[in-house]
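Subject: Handover of a structure

Dear colleague,

Please find below the structure that I am handing over to you. My notes on what was found in it follow.

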Amino acid sequence: MKETLKVQGMSCNHCVNSIEGSVGQLAGVSSVKVDLSKGEVTVEFDNQQTTLDQIKETIEEQGYDVV
């Protein structure tokens with residue numbers, strides 16, 4: 001499954017590393033790509049192992065807002 005989320009508050013490479021690192025550790029996540037210019041995070045994941053809500057929560061725990 002592939003989803004693209006709008007995320008506010010990302011502004012630098014630290015933000016990219018923070019989100020890619022934390023979401024990438026979730027079970028079933030095969031790919032995480034952050035596009036700073038668009039304010040988007042694209043995630044490919046196995047929805048049998050993790051849910052979109054878990055991914056959103058993980059991003060929000062890093063201090064960013066999923067809209």
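A residue is called buried under 20% relative accessible area, exposed over 50%, and partly exposed in between (1.4 Å probe, protein chains only). Asp65, at 47% relative accessibility, therefore counts as partly exposed.

Two remarks on the source are needed. This is a predicted model, in which local features need pLDDT of at least 70 and side-chain atom pairs count only at pLDDT 80 or more, while totals for chains, interfaces and linings use all residues. Residues are numbered from 1 along each chain as its sequence is written, and side-chain values use heavy atoms, with hydrogens and water left out.

Overall fold

The protein chain has two helices and four strands, where helices (H or I, at least four residues) and strands (E, at least two) are DSSP runs numbered from the N terminus. Read from the N terminus, the order of elements is β-α-β-β-α-β. The radius of gyration, taken over C-alpha atoms, is compared with a globule rule of 2.2 Å times the number of residues to the power 0.38. For the protein chain the radius of gyration is 11 Å, close to the 11 Å that the rule gives for 67 residues, so the chain is as compact as a globular protein of that length. The C-alpha trace spans about 30 × 20 × 20 Å along its principal axes. Of the 67 residues, 36% count as buried.

The negative patch

Asp65 is found in strand E4 (residues 65-66). Together with Asp53, Glu57, Glu60 and Glu61, Asp65 forms a patch of negative charge on the surface. Such patches are made of residues with over 30% relative accessible area and no salt bridge, like charges being joined within 9 Å and nonpolar side chains (Val, Leu, Ile, Met, Phe, Trp, Tyr) within 5 Å. Asp and Glu count as negative, Lys and Arg as positive, and His and the chain ends are not counted. The place of a charge is taken as NZ of Lys, CZ of Arg, CG of Asp or CD of Glu. Helix H2 (residues 52-61) gives the most to the patch, with four residues.

The salt bridge

A salt bridge is a side-chain nitrogen of Lys or Arg within 4 Å of a carboxyl oxygen of Asp or Glu. By this rule there is one salt bridge, in which the side chains of Lys6 and Glu40 meet (3.2 Å, N to O). The pair links distant parts of the chain, with Lys6 in strand E1 (residues 2-8) and Glu40 in strand E3 (residues 40-45), 34 residues apart.

Yours sincerely

Methods: Areas by Shrake-Rupley, 256 points an atom, 1.4 Å probe, with all protein chains shown as cover.
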